[in-house]
Amino acid sequence: MFDITYSREVQAARASGAPIVALESTIITHGMPYPQNLEVAAQVEQDIRDAGATPATIAILSGVLHIGLEEDQLATLGTEQDVAKVSRADIPVCIANGGMGATTVAATMIAARIAGIEVFATGGIGGVHKGAESTFDISADLLELAQTPVTVVAAGAKAILDLPKTLEVLETHGVPVIAYGQDSFPAFWSSQSELTAPLRMDQAAQIARAHVMRGTMGLPGGQLVANPIPAADQIAATELSPIIAQAQANAEERGITGKEVTPYMLSRIFELTEGRSLTANIALVRNNARLAAEIARELCGFRR
Ligand code: PSU
Ligand code: MN
């Protein structure tokens, strides 16, 4: 076996059967600059509490899988220099080696499933990168959604990705992609894209019911809920696309590949937008946390 530690509040929620929402930690270590990363992590946890659920930020500290972090543990994670970005391939290695690891969407889903948590909020999932036809860069997040029964609330996929190809891969693997409250598949920093989402739902209860039905029918995998960024916080796609193209060109010039691609693109876009991409990113994560809490509460109602 391996060690799992639950935070005090997650332990209490588990004991009473209260709704819990998982949160990833790569967004803290590799997705946002210090000190905003820590402010946002604490704020998002509070948003979940305010919406009537318990937050469980997931990470590996000294080889121990943590489901929910105490304040000092969150601070350690957000300031420590060599925390690994841990996805499906790395999570057993990190635990076996006693390492420090921040979990991606894929690894957070795995940990959530182990802990019996069915709903997870993040910013954006990884997907099929632009140029994937030559680089083969397709995030493990997509295959995780196909096999691990967790409903993931994200603001669609980042516009640094190839969105049509990302939707195609999800479709191939039987992952339901549900736009919340609109027809368009949202594009992370922008609430709309030119793509129509395969499914649309307008109520958290519908999403919870569909989640339960997958399990009842014995189907593996989770659901992707694509929750649009609030209109007031978005950055127009027309404004972003030249910036993304420049960041992409810079990544190629610098020979960035593999798991460094997403963190590099995020920090370069942060520089090129003079921090505005981060402001939008924060707004959408908070928005996702609130919806995830609502879904988790509905799910608790069905399970009783
Ligand atoms: N979305 C964000 N910030 C992030 C990520 C997504 O707004 O930091 C992270 C997530 O942890 C996601 C990962 O799982 O990037 C995807 O990385 P890759 O493309 O290497 O699979
Ligand atoms: Mn990748």
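1. In this predicted model, the side chain of Ser-139 places an N or O atom 2.7 Å from an oxygen atom of ligand 1. Asp-141 also approaches the ligand: a polar atom of the Asp-141 side chain lies 2.7 Å from an oxygen atom of ligand 1. From the backbone, an N or O atom of Val-105 is 2.8 Å from a ligand oxygen atom.

2. The protein buries 95% of the 480 Å² that ligand 1 exposes when taken alone. The ligand is surrounded by 17 residues.

3. A separate point concerns the packing of two helices. The axes of α3 (residues 36–50) and α4 (residues 71–79) come within 9 Å and cross at roughly 145 degrees. The crossing of α3 and α4 is right-handed. On the α3 side, the contact is made by Asn-37, Leu-38, Ala-41, Ala-42 and Glu-45; α4 contributes Leu-74, Ala-75, Gly-78 and Thr-79.

4. Most peptide bonds are trans, and most residues other than glycine have a negative phi. The peptide bond from Tyr-34 to Pro-35, however, is cis, with omega near 5 degrees. Pro-35 belongs to the loop between α2 (26–31) and α3.

5. The other feature is at Ser-62, a residue other than glycine whose phi is positive, near 45 degrees. Ser-62 lies in the loop between β3 (54–61) and β4 (64–67).

Key. Residues are numbered from 1 along each chain as its sequence is written. Chains are lettered from A and ligands numbered from 1 in the order in which they are written. This is a predicted model: local features need pLDDT of at least 70, side-chain atom pairs count only at pLDDT 80 or more; totals for chains, interfaces and linings use all residues. Side-chain values use heavy atoms; hydrogens and water are left out. Axes are lines fitted to C-alpha atoms, for helices over the stretch in contact, and angles run from 0 to 180 degrees between N-to-C directions. Helices (H or I, at least four residues) and strands (E, at least two) are DSSP runs, numbered from the N terminus. A crossing is left-handed if the near helix is turned anticlockwise from the far one by less than a right angle, and right-handed if clockwise. Contact means heavy atoms within 4.5 Å. A residue is near a molecule or strand if one of its heavy atoms lies within 4 Å of it. A polar contact is a pair of N or O atoms within 3.5 Å; within protein, one must be able to donate a hydrogen and the other to accept it, and residues adjacent in sequence count only if both atoms are side-chain atoms. Accessible areas come from the Shrake-Rupley method with a 1.4 Å probe; for residues, only the protein chains shown count as cover.
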